[in-house]
Structures are given as structure tokens and as C-alpha cells.
Amino acid sequence: MLQGGGALGAYQAGVFESLGAAGIEPAWVAGISIGAINAALIAGNPPDRRLARLREFWTLVSGRPGPPAGPWVDALPHPQREALNEASAWQVMLLGVPGFFTPRVPPPAWQPSGTPAAISVYDTAPLRATLERLVDFDRLNDGPMRLSVGAVNVRSGNFAYFDTARQRLDARHVMASGALPPGFAPVEIDGEHWWDGGLVSNTPLQHVLDQPGQRPRAVFQVDLFPAVGALPRTLPEVSAREKDIRFSSRTRLNTRHELQRQAIAQAAQRLWHKLPPALRDDPDAQALAGLRCDAAVDVVHLIYRSQPYETQSKDYEFSRLSMQEHWDAGRRDMAGTLQDPRWLQRSRRDGGVRVFDLSAGSTAPAVSEVHPARGDAG
């Protein structure tokens, strides 16, 4: 499950690289915004080309001139590195991102009212061309890996998932999931217009757990904004912290709700089987028995944790240097998690919900179980 987060999405590509190196091939990928793009690149290519397509995309979008990587960059004091990142972000705002989006010319205020150009700062036509070149949509729809991408209906405000288990998807569905206003125009699909799913929920966990599962499942949830952070000292730090809280709080709330619902459903099923036969026909007992109950669910949680020199522009700072840092962090965190004894030696269970947060620097419990009575992980 891949969260939205713009330029930070290279972290997800690094996570996928380590999954592939461990021989783990997901049966289903779900994403929102940049997570939808990464998910489409994965589901829309054969196993031996997925990593190469991810690398091709991230190399393309980070292709504007910038500072080369090297020891000299690592030695820079944080203020100087922050200045480099900010210069890169300004370049994106002024010139756009190769293969992704370009500025509207003339700008929206001079465009005809009611047109896509009048309600968005950038044109995402380059992204459509990139997706159609890098993604095999026949394979995406007919292949063995399921894909789901989330978007919100601009007119009704309702959130929905486009899912290959229910319909055929094309580049429009992926672009709709990442059409974040006012930067990008809504995407029209069958007469309806869609914006970035992150406006409502920045994680696809709810959709994944809403689908029935009869066998134990391992869910890899990859988030790009940390909930925990330091007290801001400057106005730029306030903006960065606000963005982290805004996106991570939705993810945290949805995650807690969905895992609690799973735990309650499993507890209800266990209770129903303990009832004497005479009570099982009681309407309340039947209501409990009717709750959809999955087998055991293990959620592996990975969160990108920002560097001190990254500011509120980190999700639209597409320099090659930062892209590679994000990619390496994802690869490192996933590899460390998969090699952690607490993951390798976990017990196999038929029921229950557990959360594994094993990456370095995490402040959450390494392994926690969701308790129905409390609704949290403890």
C-alpha cells in the first residue's frame, strides 16, 4: 500500500527493490497519488522489468540539472544543504518536472473560464505520455497482480477506488489519483471529474482490508509523512511540521480504525462460536456472526523520516540527489525489516491483527497487537 507524497515517492521504489531482492512478489498493489503511479509501474510490467521501469520513471522526473551526489554534499552543513533543496524546489515551481508536468502558458488567470487550464497551475499531459510509454495497460488489467488507485469525485466529494478487479483502468485513472489541486486539473472519466485521493485519505489500507480474505495476509504499508517530529523553531519548520501532521494524522486515523474493525470482527466471531446453540439464533448474535471476519492480518509499517535539512518543499523537490537519498532510505528500511529477527521469527496465527514497525529510528512499538476494547495497538 503506497501513500501519496510527491517527490518522496522514490522511497516506495526503494522499498519495492528490497522486496524483490527478498523474492517477495505482492499479489495486490494499491496506491494514492504518487503511490498510484508507482503501483501502476509495478502492476503494469512483468516481474523482470518492474524495477527498471521504476528506475526509468524516477530518473526521468529528477532529470533537471542540479548538484551531483558525492562526499562533498554529505559534508555540507544543514543550512547549505537546505538552500540547495529549496533552489531545486523553486526550479520545479517555475519550470515543472520532466515527464510529469509543465507550467500553464499563459497562466490560469488568462485562460478561458471553465477550462482545465483555468483551474490548474500545471499541465500534466507529459505524465500521460510517460505512463503510456512505461506501463503496459493490457498487462495491468489482465495480469496476475491486482491494482487499486484512490480518487475523489470533485462534484459529489465522494471517495472511490478504481480497481482492476472491477473495471479496466487506463492512464486517466492513475492520473486522477494524483490530480492534486490547484496544481493539477481534475481528470474526466466517463463524465465525472476526479481529484487526488489524498484530499480524503492518503492511505489505501481501508480499501485493502475491506476486501474479504480467507487466508492470513501480510500487508506492507509504506507512508511518506511521519507523525512524530520536533517542535518547530522557525516559520519554514512550522510549514513542514504542519504538512507532516496533516497527512500522517489521516493515515494514522484510518489505520487505527481499520485495524480496530478487523480485531472487533475477529473477536465477535470467536465469541459467537463460544455461545450455546440456543443463543446463536438470537438476532444480536446473528448480527455479530454476520460481521465480515478475515484471517490473521500482519501490517508491516514503513515510514519515511525526513532529514533535518528537508523543509515543507520536500514533496515537490525532485532533484536527482534527493531522489536517490529517498530511494536508498526505502531500500535500507525494507531490507532491515525483512532481516529483523522479530519479523523472521514471528509466530504464524489464524487470527488477530499485528503491526510491525521495525525500521531504524521508529518511535512506535516494534511489534504491537490491536486490541478490540481499546482500538489501538498496544
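Is Asp-196 buried or exposed? Asp-196 counts as buried, at 3% relative accessibility. The close-up views below come from a predicted model.

**View 1**
Because its relative accessibility is 3%, under the 20% limit, Asp-196 counts as buried.

**View 2. Ser-33 in the loop between β1 and α2.**
The loop that holds Ser-33 lies between β1 (28-32) and α2 (34-43). Ser-33 is buried, and its relative accessible area is 12%. Leaving aside neighbours within four places in sequence, Ser-33 is in contact with Gly-4, Ser-177, Gly-178 and Asp-196.

**View 3. The two positions that UniProt marks as "active site".**
The UniProt entry, which is unreviewed, places the feature "active site" at Ser-33 and Asp-196. These positions span 164 residues in sequence, yet no two of their C-alpha atoms are more than 6.0 Å apart, so they gather at one spot.

**View 4. The aromatic pair of Phe-57 and Trp-58.**
The structure holds 15 aromatic pairs. One of them joins Phe-57 and Trp-58 in an edge-to-face arrangement, with 5.3 Å from centre to centre and 90° between the planes. Phe-57 and Trp-58 are both buried. Ring pairs also link these two residues into a cluster with Phe-100, Phe-101, Tyr-122, Phe-184 and Phe-318.

**View 5. The stacked aromatic pair of Phe-225 and Phe-247.**
The rings of Phe-225 and Phe-247 are stacked, 4.9 Å centre to centre, with 25° between their planes. This pair links distant parts of the chain, as its two residues are 22 residues apart. Phe-225 is in the loop between β8 (217-223) and α10 (235-274), while Phe-247 is in helix α10. Phe-225 is buried, with a relative accessible area of 3%, and Phe-247 counts as buried at 13% relative accessibility.

**View 6. Arginine charges over tryptophan rings.**
The ring of Trp-327 has the charged end of Arg-55 sitting over it, 3.8 Å from the ring centre. Over the ring of Trp-272 sits the charged end of Arg-280, 4.9 Å from the centre of that ring.

Technical notes. Residues are numbered from 1 along each chain as its sequence is written. This is a predicted model: local features need pLDDT of at least 70, side-chain atom pairs count only at pLDDT 80 or more; totals for chains, interfaces and linings use all residues. Side-chain values use heavy atoms; hydrogens and water are left out. Rings of Phe, Tyr and Trp (its six-membered ring) pair if their centres lie within 6.5 Å; planes under 30 degrees apart count as stacked, over 60 as edge-to-face and the rest as tilted. Buried means under 20% relative accessible area, exposed over 50%, partly exposed in between (1.4 Å probe, protein chains only). Helices (H or I, at least four residues) and strands (E, at least two) are DSSP runs, numbered from the N terminus. A charge sits over a ring if NZ of Lys or CZ of Arg is within 6 Å of the ring centre and within 35 degrees of the ring normal. UniProt positions are given in the numbering used here, feature names are shortened, and annotations may be inferred rather than shown by experiment. Contact means heavy atoms within 4.5 Å.
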